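Hello,

Here is the structure I promised to pass on to you.

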Amino acid sequence: MIVCGISLTAHWAFMFWHQQHLRNLPDVLAMSPEEKNKLASTAMYLVIGSSIAGNFFSGWIVRFTGYRAAIAWTFFVYFGAMLGAYIVPRDHTALLCWFPLIGFCQGVFALFTMYLPPLFPTLLRTTGAGFCYNIGRIAAAFGTVFFGLFSKVGDHRAALLYAGLLFLPAGCVAFLMPRAKD
């Protein structure tokens, strides 16, 4: 539940605030509304398209490292990608280069569907996994708003950077999780 709460908060903060940040960059403000929408769509396509590849990669890498290591190391890479993207102010072109790596790291969430259920007794597998994941989603709802408090008007880089820091404790806690039984 702790790993789900921490990681989903960081993930959903990114998913919400990166679009707001992108639309308010100084080099984007001069664009027409149509150009801004096209840019936002391109960013989302990059994130979602690379997350699909990340889903398959995550499933493949688990065969060699196990669930805990794959989850933890992906969170560490996700942290690095968020740090790289938001540690300094960047224009929209530079951010578009970071979005595929960020999206690729989102493949870690595909592992939750395979890793969490075997941690519970057979009769409680769906309930236990669902509880952990959905408590994480509730935390993410509050966390996304909380990280938005760090934003200046039109500049959400701090919110994105601080949210990305959550992947460090998520990765550390993932190493402490029990081994899957199946």
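This is a predicted model: local features need pLDDT of at least 70, side-chain atom pairs count only at pLDDT 80 or more; totals for chains, interfaces and linings use all residues.

Residues are numbered from 1 along each chain as its sequence is written, and side-chain values use heavy atoms, with hydrogens and water left out.

Let's start with helix α4 (residues 67–86). Helices here are DSSP runs (H or I, at least four residues), numbered from the N terminus. In α4, 14 of the 20 residues are buried, meaning under 20% relative accessible area with a 1.4 Å probe and protein chains only; over 50% is exposed, and in between is partly exposed.

Next, the aromatic pairs: rings of Phe, Tyr and Trp (its six-membered ring) pair if their centres lie within 6.5 Å, with planes under 30 degrees apart called stacked, over 60 edge-to-face and the rest tilted. The count comes to 16 aromatic pairs. One of them is F57 with W60, a tilted pair at 5.7 Å centre to centre and 40° between the planes. These two residues are three apart in helix α3 (residues 33–65), so about one helical turn separates them. F57 is partly exposed at 36% relative accessibility, and W60 is partly exposed at 43%.

Y78 and F167 are stacked, 3.9 Å centre to centre with 15° between the planes. Y78 lies in α4 and F167 in α9, so their pair ties together parts 89 residues apart in sequence. Both are buried, and both belong to one aromatic cluster that includes F75 and F109.

Best wishes
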